[in-house]
Amino acid sequence: QDDKPLVIATIFPQYDFLRQICGDRADVRMLIRPGSESHNYDPSPSDIITVSHAALFVYAGGDSDAWVQKLLQSDELSDVTAVALTDLVPTVSEEITEGMQHSHSHAEDDDHDHDDHDHDDHDHELEYDEHVWTSLKNAAIICNSLCDYMCAADSANADTYRENCANYVKKINELDILAADTVKNAVRKTIVFADRFPVRYFTEEYGLKYYAAFPGCASETEPSPSTLIFLIDKVRSENIPVVFYREFSNEKVADLVCESTKAKKLLFHSCHNVTAD
């Protein structure tokens, strides 16, 4: 529209970063509709056509974006600059912690820097946790990198992009300081996620210990009795007052744990996706 560069983001985190950076100088769109489950997304023909016109296409990378790799192999997208968030910052593997239920194992113990990794090896890439934006330090790095891509795609507006990015990164850094201070002065350093666990980068950043029902991109929604018992016992033994669930959860596991322990149930939003509101 109005000769503005078209910029496409798959899900909310990178969409929000890009719209803050671009302001009104680019046409920024989110491909996956608000409120949709991003893990089960299947692009339509019209989506492919839209992405083919993009000056920049940004996706998370990892397990839930397996469809992107197929999309990028099409001839229509050969000239589109595509960027994965997992290529912009060091990643860690999904891990199976004590009590956690899992039906697949693509986790490794060691942290991983994508600079030493061949990104063409898609099967290997799936082993890593894609929720990199949940670390605020990562978010700041990602914004600066996306700003560089926008400046390259639309050099006429580079000064505006850099100014917008600097202002937004300043807010992210202030939030990072607040989060670190909150954890430093907290009564406890352990959180319980009675759900999938998509915020490992957050806990790593601030030195939090966690227990969860499932890994971040697990397909399960029904816990085994042993997982449920473990979480209930952990909440009771450590007198943990809050049990978290993630956005768009069916909340069943959190409800069961809270009913048994009288803990309070709260939403911990990973921003993977948001409702239209």
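Trainee: How much space lies in the largest pocket, and what makes it a pocket?
Mentor: About 450 Å³ lies in the largest pocket of this predicted model, where a volume is the space filled by probe spheres set on grid points joined across faces, edges and corners. A pocket is an open set of points on a 1 Å grid over the protein atoms alone, with protein on both sides within 12 Å along at least five of seven lines, whereas a cavity is a set where a 1.4 Å probe fits but cannot get out. Local features need pLDDT of at least 70 and side-chain atom pairs pLDDT 80 or more, while totals for chains, interfaces and linings use all residues. Residues are numbered from 1 along each chain as its sequence is written, and side-chain values use heavy atoms, with hydrogens and water left out.

Trainee: Which residues line the largest pocket?
Mentor: There are 20 lining residues (an atom within 4 Å of a point), and Trp133, Thr134, Leu136, Leu175 and Cys271 lie nearest the centre of the largest pocket. Helix H1 (12–22), helix H5 (136–153) and helix H6 (158–184) each give two or more residues to this lining, with H6 providing the largest share, six residues. Helices here are DSSP runs of H or I with at least four residues, and strands are E runs with at least two, numbered from the N terminus.

Trainee: How is the lining of the largest pocket divided by class?
Mentor: It holds 15 nonpolar, three polar and two charged residues, where Ala, Val, Leu, Ile, Met, Phe, Trp, Tyr, Cys and Pro count as nonpolar, Asp, Glu, Lys and Arg as charged, and the others, Gly among them, as polar.

Trainee: Why is H5 called roughly antiparallel to H6?
Mentor: The axes of H5 and H6 come within 9 Å and cross at roughly 175 degrees, with axes fitted to C-alpha atoms over the stretch in contact and angles running from 0 to 180 degrees between N-to-C directions. Angles under 35 degrees count as roughly parallel, over 145 as roughly antiparallel, 65 to 115 as roughly perpendicular and the rest as oblique, so H5 is roughly antiparallel to H6. The contact (heavy atoms within 4.5 Å) involves residues including Leu136 and Cys143 of H5 and Tyr168 and Leu175 of H6.

Trainee: What makes H1 and H5 oblique to each other?
Mentor: Their axes come within 10 Å and cross at roughly 55 degrees, and H1 and H5 are therefore oblique. The contact is made by Phe17, Leu18, Ile21 and Cys22 of H1 with Ala139, Ile142, Cys143, Leu146, Cys147 and Met150 of H5, which divide into ten nonpolar, no polar and no charged residues.
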